[in-house]
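Here is my notebook page for today. I wanted to get to know one chain, from its overall layout down to a single residue.

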Amino acid sequence: MPQLLARWARRSGLAIVLVLTSAAGAAAMQDPIAAPPSAVVVTERDIAASNAKIGAAFSALAAMWTADFDRIGARFVVPSVVRFRGPVRTACGFLRGDNALYCPSRNVIYFDEVFVARQAKIAAQELGTDGDMAAIGIIAHEVGHAVAMQVGEDSPVPYRNEATADCLAGAFAQRAKQDGSLEKGDLEEAFFGMAAAGDPPLRLSGDPRYDARLVRMASMTGHGSRDQRQQNFRSGYEGGAGACLAEFR
């Protein structure tokens, strides 16, 4: 375990804290998951229901990864979770609203509770389901970053880290299916959420040399297109954690 994580080892368990929003600068972080444009109205009841389901899913995520780390002779230090609304100051700098982020320096997951509840409601309206797995998938992705970091997997290519996190979210869905907690419609919601969070198509200039550099840069720094994100999730769903990280094979 990296030295930083050794310091984290003194911390464990789930801590959920409501953070007041800040009007100070809202510079985008390096791990944005943008919500699709939508006029969907989210109520306080929607947010409360979403938070309750995320809390239950997070407990399952913590139990899953704790057990999987035990099997490889390691310890999973469960991240803390902080929910917020709008732009906020975090341990990793300013984070805009409509976003979620794993902050490795503090082993904390931040998520905008309105944004996450909205993703569930959008999925519910589009698919005719309760939409909850579209929201849970966001948290499973951020926990995936924590898992990868804690086994020492941290690629200098950002896209590889994002692909691994999507894959590990899929591995969580596989485990949910195995233990009988994956409900009808959940898988469709998860794939819907991955598609909605895909990077927007590139706007090419028509200059072949410039566009080639643009495509190359996007392939290294983004989260992946909707198809890539869905495929990365599918890899974990079909192959489990071992399909995402060699440590779990």
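Predicted model: local features only at pLDDT ≥ 70, side-chain atom pairs only at ≥ 80, totals over all residues.

I counted helices (H or I, at least four residues) and strands (E, at least two) as DSSP runs, numbered from the N terminus. That gave me eight helices and six strands in the chain. Read from the N terminus, their order is α-β-α-β-β-β-β-β-α-α-α-α-α-α.

Residues are numbered from 1 along each chain as its sequence is written, and side-chain values use heavy atoms, with hydrogens and water left out.

Next I asked how much of the chain is buried. Buried means under 20% relative accessible area, with a 1.4 Å probe and protein chains only. Of the 249 residues, 47% are buried.

I then looked up contacts, meaning heavy atoms within 4.5 Å. Among those with a separation of 6 or more, 77% join residues 24 or more positions apart.

Is Asp-166 buried or exposed? Asp-166 is buried, because its relative accessible area is 0%. Which residues does Asp-166 touch, not counting residues up to four places away in sequence? I listed His-141, Met-194, His-223, Arg-229, Asn-232 and Phe-233.

Key. Buried < 20%, exposed > 50% of the residue type's maximum accessible area, 1.4 Å probe, protein only.
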